[in-house]
Amino acid sequence: MSASLKVSNSSEFQVSEFVLMGFPGIHSWQHWLSLPLALLYLSAIGANILILIIICQDPALQQPMYHFLGILSVVDIGLATTIMPKILAIFWFDAKVISLHECFAQIYAIHCFVGMESGIFLCMAFDRYVAICHPLRYSSIVTNALTLKATLFMVLRNGLFVIPVPVLAAQRNYCSSNKIEHCLCSNLGVTSLACDDRKPNSICQLILAWLVMGSDLSLIMLSYTLILRSVLRLNSAEAASKALSTCSSHLILILFFYTVIVVISITHLEETKATLIPVLLNVLHNIIPPSLNPMVYALRTKELRAAFQKVFCLGLEKKIRSIMLMLNKTQLSPASFILNGVPGLEDIHLWISFPFCSMYVVAMVGNCGLLYLIHYEDCLHRPMYYFLAMLSLTDLVMCSSTIPKALCIFWFHLKEIGFNECLVQMFFIHTFTGMESGVLMLMALDRYVAICYPLRYSTILTNPVIVKVGLATFLRGILLIIPFTFLTKRLPYCRGNIIHHTYCDHMSVAKLSCGNIKVNAIYGLMVALLIGGFDILCITVSYTMILRAVVSLSSAEAQQKAFSTCTAHICAIVFSYSPAFFSFFSHRFGGHIISPSCHIIVANIYLLLPPTMNPVVYGVKTKQIRDSVIRIISGSKDIKSHSI
């Protein structure tokens with residue numbers, strides 16, 4: 001029996017995950033379809049982001065019609081992203097398995113975004129109705145407040161109405177096949193695998209379709225009936241043509257959107273054996289509107305075309321001006337910076353150096369010792385310790401990027417650092433702090449699999465998987481941090497070259513510039529959210545699932561044993577994120593309360609405390625590491641444990 005089926009208390013087999021088979025009947029060559037689908041997805045994301053940028057940048061587009069178009073672009077991005085990454089993963093990497101929770105979450109997201117799309121089309125139809133039938137009262141009726149309220153209503157309507165769909169799907173008993181002949185988790189496709197009665201799901205789907213799509217389509221048709229009546233009353237053919245031209249883009253999109261829904265519904269009702277057509281239509285319905293909407297509006301809306309040309313030309317002009325400024329002011333890029341150490345505490349730099357040096361020595365010895373142990377001891381050749389080895393390597397590079405230079409400042413007053421050397425140090429610091437966060441996240445996922453799926457632990461976390469996720473974490477850090485160096489290097493520096501810090505931090509260097517550093521600040525915050533925010537979210541979810549699994553254990557001894565494997569990792573998380581959070585919030589909210597010297601010391605502790613404490617904590621808290629150390633110290637090198 002497949003590993004995706006688990007035994008329930010009723011001695012029946014219960015599906016624990018689904019397998020998305022792709023397009024039915026064309027499995028052997030469906031990967032070729034990934035090319036047009038990937039292009040559609042990229043065009044959808046790129047075009048909708050471009051629409052959002054243009055609407056935000058051009059004051060002429062600050063009107064309700066374009067606000068609704070911006071909201072439609074956000075919904076389109078969400079809808080396309082809900083399905084396309086998984087579909088491309090199926091075609092390119094054969095990643096067909098999807099857990100029940102992920103599948104039901106995808107069902108919810110798809111229904112939510114499709115309902116939102118329909119709702120925004122209704123709002124846009126109402127906007128056109130007021131603009132054509134009541135032009136003099138348009139600005140007083142369709143206000144920004146009304147736009148916000150309408151959007152919020154659509155979000156709440158679809159968010160709440162759709163909840164019963166995945167809930168009812170989750171309540172079905174899936175005890176036979178787990179293979180879905182589809183590229184995504186559709187409600188009817190998933191519930192067709194259920195062994196019990198799925199009639200409530202079909203009824204719920206029908207009611208939801210009538211309540212959301214039916215009501216929206218009826219009101220849209222009513223709006224356009226009233227619009228058509230008003231247009232026909234106009235005396236001038238030119239005025240009638242101009243009035244209808246403002247609706248043409250909207251009509252094209254509505255026609256495509258609802259026609260495909262009707263066709264999909266009819267093909268599902270027919271229940272023919274050839275299921276390729278409804279599956280293909282279902283996928284295209286979720287990807288073509290996000291690709292088509294911005295293109296139709298860009299081609300058929302004069303104001304949008306003009307705004308695009310204006311923003312593009314302005315951006316090009318600014319870029320040329322910036323290049324010319326950089327060419328004319330190359331002398332403003334300093335040859336070197338002066339790292340001034342801890343501001344206000346220059347007299348006691350020597351005393352500050354002793355704890356820094358002691359912690360650095362402990363970090364180097366401890367992490368090198370851990371790496372030697374993990375390599376030497378066979379009993380430590382397991383995923384948990386491989387991740388610990390990654391953490392030790394990261395810690396070694398992270399603290400070695402800053403502390404040697406800081407000790408040179410404290411002991412020998414060697415404060416000068418070359419401009420390029422400063423950029424290299426900045427790159428290493430930010431890359432490996434991101435790597436540290438990523439490895440802690442991977443270790444949380446390791447503990448989650450070990451506690452929640454102990455029987456499948458060795459099959460899930462294989463050596464190739466560990467190498468792939470480690471490499472992905474490393475590349476994520478490199479790719480997101482590389483722009484820091486270019487953003488910093490392009491700036492003109494005319495505010496001196498003294499940095500009140502012990503190392504080259506991104507914003508500390510950027511603040512010496514006399515240019516605009518807004519892009520640096522925004523990108524820095526975005527990277528912090530993409531790395532730190534994502535990792536903290538994954539760690540939180542992992543430990544929530546671990547806690548739920550541990551609490552469900554009947555024996556208190558089993559609970560304690562399961563949770564004891566996580567204590568060292570929890571300590572490492574506290575040591576890593578506590579100074580990071582303090583530094584982040586004090587910079588933004590406590591700048592006038594907390595002294596600069598405190599900021600600098602905490603920033604150094606943030607880079608030095610985790611490398612120092614991680615090997616100590618794991619050495620004290622992990623029995624296998626303690627036993628390995630004792631064996632080596634006692635000289636029992638011939639005795640190697642092969643089990644935990």
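Visitor: Are arginine 447 and aspartate 446 buried or exposed?

Guide: This is a predicted model, in which local features need pLDDT of at least 70, side-chain atom pairs count only at pLDDT 80 or more, and totals for chains, interfaces and linings use all residues. Residues are numbered from 1 along each chain as its sequence is written, and side-chain values use heavy atoms, with hydrogens and water left out. Relative accessible area under 20% means buried, over 50% exposed, and in between partly exposed (1.4 Å probe, protein chains only). By that scale, arginine 447 and aspartate 446 are both buried.

Visitor: At what N to O distance do the side chains of arginine 447 and aspartate 446 meet?

Guide: Side chains of opposite charge can pair when their charged atoms come close. A salt bridge needs a side-chain nitrogen of Lys or Arg within 4 Å of a carboxyl oxygen of Asp or Glu. Arginine 447 and aspartate 446 form such a bridge, with an N to O distance of 2.8 Å.

Visitor: How many salt bridges does this rule give?

Guide: The rule is the 4 Å limit between nitrogen and carboxyl oxygen. Applied here, the count of salt bridges is 9.

Visitor: How many residues apart in sequence are the parts tied together by glutamate 17 and arginine 456?

Guide: The side chains of glutamate 17 and arginine 456 meet in a salt bridge at 3.5 Å, N to O. Glutamate 17 belongs to strand E3 (residues 17–20), while arginine 456 sits in the loop between helix H16 (419–452) and helix H17 (457–460), so the pair ties together parts whose separation in sequence is 439 residues. Helices (H or I, at least four residues) and strands (E, at least two) are DSSP runs, numbered from the N terminus.

Visitor: Is glutamate 17 buried or exposed?

Guide: The relative accessibility of glutamate 17 is 13%. Its partner in the salt bridge, arginine 456, has 26% and is partly exposed. Because its value is 13%, glutamate 17 counts as buried.

Visitor: Which aspartate meets arginine 172 in a salt bridge?

Guide: Arginine 172 is in the loop between helix H6 (164–171) and strand E5 (179–180), and its partner is in the loop between helix H7 (187–191) and H8, 24 residues apart. The N to O distance is 3.4 Å, and the partner is aspartate 196.

Visitor: Where does aspartate 94 lie, and what is its phi?

Guide: Most residues other than glycine have a negative phi, and most peptide bonds are trans. Aspartate 94 has a positive phi and lies in the loop between helix H2 (64–93) and strand E4 (97–99). Aspartate 94 is exposed, at 52% relative accessible area, and its phi is near 60 degrees.

Visitor: What is the phi of histidine 413?

Guide: Histidine 413 is in the loop between helix H15 (403–412) and strand E7 (416–418). At 58% relative accessibility, histidine 413 counts as exposed. Phi is positive in this residue other than glycine, near 55 degrees.

Visitor: Are helices H3 and H11 roughly parallel or roughly antiparallel?

Guide: The axes of H3 (residues 100–133) and H11 (residues 276–300) come within 11 Å and cross at roughly 30 degrees. Angles under 35 degrees count as roughly parallel, over 145 as roughly antiparallel, 65 to 115 as roughly perpendicular and the rest as oblique. H3 and H11 are therefore roughly parallel.

Technical notes: Axes are lines fitted to C-alpha atoms, for helices over the stretch in contact, and angles run from 0 to 180 degrees between N-to-C directions.
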